Amino acid sequence: MSRPGPISAKPLSVLLSDVFSDAYAKQGFAARELVTRWADIAGPEIAAHSEPLKMQWPRPVEGQPQEPATLVLRVEGPMALEIQHSSDVILQRVNRFFGWSAVGRLALRQAPLSRRNRPAPPRAPDPKSVAKVAETLSAVEDEELRAALARLGAVIKRN
């Protein structure tokens with residue numbers, strides 16, 4: 001009796017790559033990595049307040065070289081001015097990612113971002129664990145400092 005061969009499961013990203021490639025292509029993205037790796041490309045400060053919407057390619061003119069695209073970014077309202085001032089840096093980073101001068105200018109659209117990775121606010125430490133840690137801090141004379149250290153110790157032990 002022969003043994004069955006090993007089961008090789010394909011990653012979901014491989015199975016759905018054509019589906020996502022078509023969706024990104026409709027928005028003018030030559031590579032979906034511009035969207036999926038935006039934080040790596042633009043930097044965490046810029047990516048926290050912006051996201052790429054689409055790339056608008058100008059119509060090719062016969063006999064002329066292809067003009068660079070316009071990258072349309074969705075930007076949170078108050079940060080639009082800061083992103084506009086950083087546009088040269090963003091263009092350099094995006095073109096370095098592509099390896100050629102693919103993007104020539106940015107267009108900003110002020111709107112709330114579609115994704116928000118807001119960290120949950122930290123929970124207050126349990127009063128019982130704070131009191132337990134405070135007992136070990138009898139050498140600290142300042143009462144406020146002892147309370148702060150007890151809260152810190154309780155949070156550290158919780159994690």
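Analyst: Two residues are in contact when they have heavy atoms within 4.5 Å of each other. In the protein chain, taking contacts between residues at least 6 apart in sequence, 58% join residues at least 24 apart.

User: What kind of model is this?

Analyst: This is a predicted model, in which local features need pLDDT of at least 70 and side-chain atom pairs count only at pLDDT 80 or more, while totals for chains, interfaces and linings use all residues. Residues are numbered from 1 along each chain as its sequence is written, and side-chain values use heavy atoms, with hydrogens and water left out.

User: How many helices and strands does the protein chain have?

Analyst: Helices (H or I, at least four residues) and strands (E, at least two) are DSSP runs, numbered from the N terminus. The protein chain has nine helices and three strands. Along the sequence they follow the pattern α-α-α-α-α-β-β-α-α-β-α-α.

User: What is the order of the strands in the sheet?

Analyst: Strands pair if DSSP finds at least two bridges between them. Here the three strands form an open sheet in the order β1-β2-β3, with mixed pairing. β1 (50-56) and β3 (103-110) are at the edges and have a single partner strand each, so one side of each has no neighbour in the sheet. On average, neighbouring strands of this sheet are turned by 30° against each other, direction ignored; axes are lines fitted to C-alpha atoms, for helices over the stretch in contact, and angles run from 0 to 180 degrees between N-to-C directions.

User: Which strands run antiparallel, and which pair in the parallel sense?

Analyst: β1 and β2 (residues 69-75) run antiparallel and are joined by six bridges. Glu51 has Arg74 in β2 as its bridge partner, and Pro52 stands opposite Leu73 in β2. The parallel pair is β2 and β3, over seven bridges. Leu73 stands opposite Leu108 in β3.

User: Is β2 enclosed or open to the outside?

Analyst: Buried means under 20% relative accessible area, exposed over 50%, and partly exposed in between (1.4 Å probe, protein chains only). Six of the seven residues of β2 are buried, so the strand is largely enclosed by the rest of the structure. For the protein chain of 159 residues, the buried share is 27%.

User: Which residues have the most contacts inside the largest nonpolar core?

Analyst: Nonpolar side chains tend to be buried together in soluble globular proteins. A nonpolar core is a set of buried Ala, Val, Leu, Ile, Met, Phe, Trp, Tyr and Cys residues joined through side-chain atoms within 4.5 Å. The largest one has 20 residues, and Leu34, Trp38, Leu71, Leu73, Ile90, Val94 and Val103 have the most contacts inside it. At least two residues of this core come from each of α4 (38-42), α5 (44-47), β2, α6 (80-85), α7 and β3. Another core, of six residues, lies apart from it and includes Val133, Val140, Ala150 and Ala154.

User: Where does helix α7 lie?

Analyst: Helix α7 (residues 87-98) lies across β1, β2 and β3, and runs at about 125° to β3. The buried residues of α7 are Ile90, Leu91, Val94, Asn95 and Phe98. Seen down the helix axis, they fall within an arc of 125° (the arc of the directions from the axis to the C-beta atoms), so they line one face of α7. Asp88, Gln92 and Arg96 are exposed on the other side of α7. Just after α7, Gly99 takes a positive phi of about 90°.

User: Is Asn95 buried or exposed?

Analyst: Asn95, in helix α7, has a relative accessible area of 15% and so is buried. Leaving aside neighbours within four places in sequence, Asn95 is in contact with Trp100, Ser101, Ala102 and Val103.

User: Where is the place of Trp100?

Analyst: Trp100 sits in the loop between α7 and β3. With 47% relative accessibility, it counts as partly exposed. Beyond neighbours within four places in sequence, Trp100 is in contact with Trp57 and Asn95. Trp100 and Pro68 are 32 residues apart along the chain, and their C-alpha atoms are separated by 9.6 Å.

User: Which residues of α9 are buried?

Analyst: In α9 the buried residues are Arg146, Ala150, Gly153 and Ala154. They cover an arc of only 100° around the axis, which puts them on the same side of α9. α8 (127-135) is included in what covers them. The face of α9 turned away from the buried side carries the exposed residues Glu144 and Ile156.
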